[in-house]
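Trainee: I am new to this one. Please show me the sequence and the fold, and then I will ask about them.

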Amino acid sequence: MDTGMIFNGLQYKWKVETAPGDTAARDREEDDAYRLELNLKIRKPRPATTLEDVKVANPQLPELLPSLPQLLQTAQVSPDFAKLYELKVDWVKGRLEKIDQILSRHNFYDCDTILKLSHPDSGRRALFVQGDMDVNVDGSDGDRNVEVDGSGQFFQPQTSYRWRKTTDRPNPFLARTEKRIEDARSEMEKPETTPERKAQLNKRIEDLGRKVAELKTWSFLISKTDPSIVLPGFMLRGEGPYVPEFGDYAVVIHEGKMYPTIVGDAGPSYKMGEASLRLCNQIKDTGTPLARPVSDLAVTYIVFPGSAEKERQPPDLKKWRQRCAELLAEIGVPNAPLHEWEDIVPPWPTATPEATSPSTPSTPSTNSPTPSPTPES
């Protein structure tokens, strides 16, 4: 049996089996006589639950989280771990007819564990997630002076964490979205547009109309200025004390460093481990938003469910750091060496008033010539 590997890293094995058939003229007409069978075999992983398990991906965790051994003694595996891998398998099953769209082995095994932690003294709850890190570049904000590159194929100008606009400055993607609505309406009016195409255009206009309303009403996180993480969408739609919500505080740990963040958006339900460009570049500046900063399962995400502020506000990086330090202390990690984020959003330029000379009454000079009389018309 020979083995090979296709471009997405999926390994495959093959062998040729023969069996007695009918005449060639008859077998040529039978699809079953000459066929290729696909049998994808997947090992669904168990969650990491012990200190030895989690140290495989991040050996420095016990030093940064001295209470981790105690927390793991009473930790429970979140049902979200099994759900995540069920959704991955469903995703693969639905795309077996297109081999190039099957998840690579790297993307299938992107989460090592999801544990529910609770400190015995404070009662503070936390979700402990171990995974890799990809880049999410979504988000825009007309109120802040930040240029956003929206050229990516999957870019969205909105994020799930949002707050009401405070200025009349338009979102930078508002005009572009309104233009797409105009283009769709123009296409609908063409006589050659089929009914099927008109139905598609109607749906597009409805979707874009909702986006326009959101861009006019809300401000959003910006990937390159605001440190945030993304969780699979299904994790944010459940019920119970361990279900996270947008705006919950979170701490990301990688190679001995701890970064304060918030849960800023929801991602695909079959994918774990995404963060904003600001956080990714701080961990490893790859020079491009297309490259993941961490490929190994070496990133720890500690999310504090129920910690979100009641009223959403624009990013306050100093407050985020303070709250994350307080929450870490509640799970037995006081005086955590959290990274200090710098606010890199520049202020709007102020208008420079035009220079004007003081107004003084003119006094005729004795040396000035007498003006000529203006001729009457």
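Trainee: How much space lies in the second largest pocket?
Mentor: First, what a pocket is: on a 1 Å grid over the protein atoms alone, an open set of points with protein on both sides within 12 Å along at least five of seven lines. Points are joined across faces, edges and corners, and the volume is the space filled by probe spheres set on them. For the second largest pocket that space is about 1000 Å³.

Trainee: Which residues are the closest to the centre of the second largest pocket?
Mentor: Lining residues have an atom within 4 Å of a point. The second largest pocket has 33 of them. Closest to its centre are Val135, Asn136, Val137, Phe154 and Glu274.

Trainee: What should I know about the model before going on?
Mentor: It is a predicted model: local features need pLDDT of at least 70, side-chain atom pairs count only at pLDDT 80 or more, and totals for chains, interfaces and linings use all residues. Residues are numbered from 1 along each chain as its sequence is written, and side-chain values use heavy atoms, with hydrogens and water left out.

Trainee: Which element gives the most to the lining of the second largest pocket?
Mentor: Helices (H or I, at least four residues) and strands (E, at least two) are DSSP runs, numbered from the N terminus. β5 (125-136) and β10 each supply at least two residues of this lining. With three residues, the element that gives the most is β5.

Trainee: How many charged residues are in the lining of the second largest pocket?
Mentor: Asp, Glu, Lys and Arg count as charged; Ala, Val, Leu, Ile, Met, Phe, Trp, Tyr, Cys and Pro as nonpolar; the others, Gly among them, as polar. The lining has 15 nonpolar and nine polar residues. Its charged residues number nine.

Trainee: What volume does the largest pocket have?
Mentor: Its lining takes in 37 residues, with Lys13, Trp14, Glu37, Leu38 and Asn39 nearest the centre. By class there are 21 nonpolar, six polar and ten charged. The volume is about 1700 Å³.

Trainee: Which element gives the most to the lining of the largest pocket?
Mentor: At least two residues each come from β2 (11-14) and α6 (105-108). With four residues, the one that gives the most is β2.

Trainee: Which elements give two or more residues to the lining of the largest cavity?
Mentor: A cavity is a set of grid points where a 1.4 Å probe fits but cannot get out. The structure holds one cavity of 30 Å³ or more, and the largest has a volume of about 60 Å³. Among its lining residues are Asn136, Ser228, Val230, Gly264 and Asp265. The elements that give two or more are β8 (228-232) and β10.

Trainee: What are the centre distance and plane angle of the pair Trp91 and Tyr270?
Mentor: Rings of Phe, Tyr and Trp (its six-membered ring) pair if their centres lie within 6.5 Å; planes under 30 degrees apart count as stacked, over 60 as edge-to-face and the rest as tilted. By this rule there are seven aromatic pairs. Trp91 and Tyr270 are stacked, at 4.0 Å centre to centre and 20°.

Trainee: Why does this pair tie together parts that are apart in sequence, and how many residues apart are they?
Mentor: Trp91 lies in helix α5 (residues 79-93). Tyr270 lies in the loop between β10 (257-267) and β11 (274-276), so the pair ties together parts whose separation in sequence is 179 residues.

Trainee: Is Trp91 buried, exposed or partly exposed?
Mentor: Buried means under 20% relative accessible area, exposed over 50% and partly exposed in between (1.4 Å probe, protein chains only). The relative accessible area of Trp91 is 23%. Therefore Trp91 is partly exposed.

Trainee: Which residue lies over the face of Tyr85?
Mentor: A charge sits over a ring if NZ of Lys or CZ of Arg is within 6 Å of the ring centre and within 35 degrees of the ring normal. Tyr85 belongs to one aromatic cluster with Phe81, Phe108 and Tyr109. Over its face, at 5.6 Å from the ring centre, lies Lys88.

Trainee: Which side chain does Thr300 contact?
Mentor: A polar contact is a pair of N or O atoms within 3.5 Å; within protein, one must be able to donate a hydrogen and the other to accept it, and residues adjacent in sequence count only if both atoms are side-chain atoms. Thr300 is in strand β12 (residues 294-303). Thr300 is buried, at 0% relative accessible area. At 2.7 Å, its side chain makes a polar contact with that of Gln130.
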